[in-house]
Amino acid sequence: MRGCAPLILTLVSVVLAGRLEAQDAAAEPIGAVVIHPFIAPRYACTEHYEGELPYAFDALGTDCFVTVEGRSYRTDGRSNSDYYVFGEPVLAPFDGVVEKVVINPVVNQPGTLGEPPATLIVFRRADGVRVMYGHLDSVAVAEGDSVKAGGRVAVVSNNGVSRGPHVHVGAVDARGDPVQIRWDLRAMARLRGER
């Protein structure tokens with residue numbers, strides 16, 4: 001019987017692995033939307049994985065910031081102006097309409113978590129896809145305005161539930177289901193004068 005234990009464990013592992021593979025194969029692929037880069041400088045983003053956050057524009061969303069030589073801020077990062085991304089012009093994600101604008105005039109001190117809501121803009125494309133940008137300032141558009149991909153709409157700030165300057169980008173499809181953000185790399189090359 002002792003010789004059977006490793007065999008039984010191996011069989012159980014194979015069965016469980018097969019069930020997991022079958023579940024993954026049966027799962028619907030996650031949708032994605034390709035959008036214009038939100039700012040001109042090089043940036044990095046951290047993505048929310050499926051199930052991490054339950055809210056529509058947070059689920060599968062991404063938090064983006066500028067880094068220079070691996071750092072997101074100059075000096076000690078105690079001031080918003082230390083952050084490379086702070087005050088950068090924010091660009092529209094696609095040709096569409098501004099569906100919603102929320103303003104929060106409070107600017108958080110870096111390291112201090114602010115209160116909701118963030119200053120945000122929700123954009124809607126003709127096919128019903130919506131993209132939300134959060135943690136903004138100096139919003140230059142109003143609800144109902146038409147926007148063109150890459151047009152200036154605001155600047156990066158630090159407000160709402162945020163500890164430091166960044167832009168949160170989230171998207172949902174026409175049904176309201178969260179979708180992954182993908183950047184238009186051709187538009188990125190044009191933005192940086194490399195094409």
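Start by selecting strand S1, residues 32-35 (strands, E, are DSSP runs of at least two residues, numbered from the N terminus). Val33 and Ile35 make up its covered face, while Ala32 and Val34 sit on the uncovered one. In a regular strand, side chains alternate between the two faces of the sheet. Alanine 32 has glutamine 180 in S12 as its bridge partner.

A word on what you have open: this is a predicted model, where local features need pLDDT of at least 70 and side-chain atom pairs count only at pLDDT 80 or more, while totals for chains, interfaces and linings use all residues. Residues are numbered from 1 along each chain as its sequence is written, and side-chain values use heavy atoms, with hydrogens and water left out.

Next, bring up the open sheet. Its seven strands run S2-S3-S11-S7-S6-S5-S9, with antiparallel pairing. S2 (44-47) and S9 are the edge strands, each with a single partner strand, so one side of each has no neighbour in the sheet.

S9 is joined to antiparallel S5 (residues 96-102) by two bridges, and glycine 96 stands opposite valine 147. Click serine 146: at 65% relative accessibility it counts as exposed (exposed is over 50%, buried under 20%, partly exposed in between, using a 1.4 Å probe and protein chains only). Beyond neighbours within four places in sequence, serine 146 is in contact with Gly96 and Val97 (contact means heavy atoms within 4.5 Å).

Step along to lysine 148, which forms a salt bridge with aspartate 95, the closest N and O atoms being 4.0 Å apart (a salt bridge is a side-chain nitrogen of Lys or Arg within 4 Å of a carboxyl oxygen of Asp or Glu). Lysine 148 lies in the loop between S9 and S10 (152-156) and aspartate 95 in the loop between S4 (89-91) and S5, so the pair ties together parts 53 residues apart in sequence.

Last stop: glutamate 99, partly exposed at 27% relative accessibility. Arginine 130 forms a salt bridge with glutamate 99, with closest N and O atoms 3.0 Å apart. That pair links strand S7 (residues 130-134) to strand S5. Select arginine 124 too: its salt bridge to glutamate 99 has closest N and O atoms 3.1 Å apart. Salt bridges that share partners join Glu99, Arg124 and Arg130 into one network.

Note on methods:
Two strands pair if DSSP finds at least two bridges between them. Helices (H or I, at least four residues) and strands (E, at least two) are DSSP runs, numbered from the N terminus.
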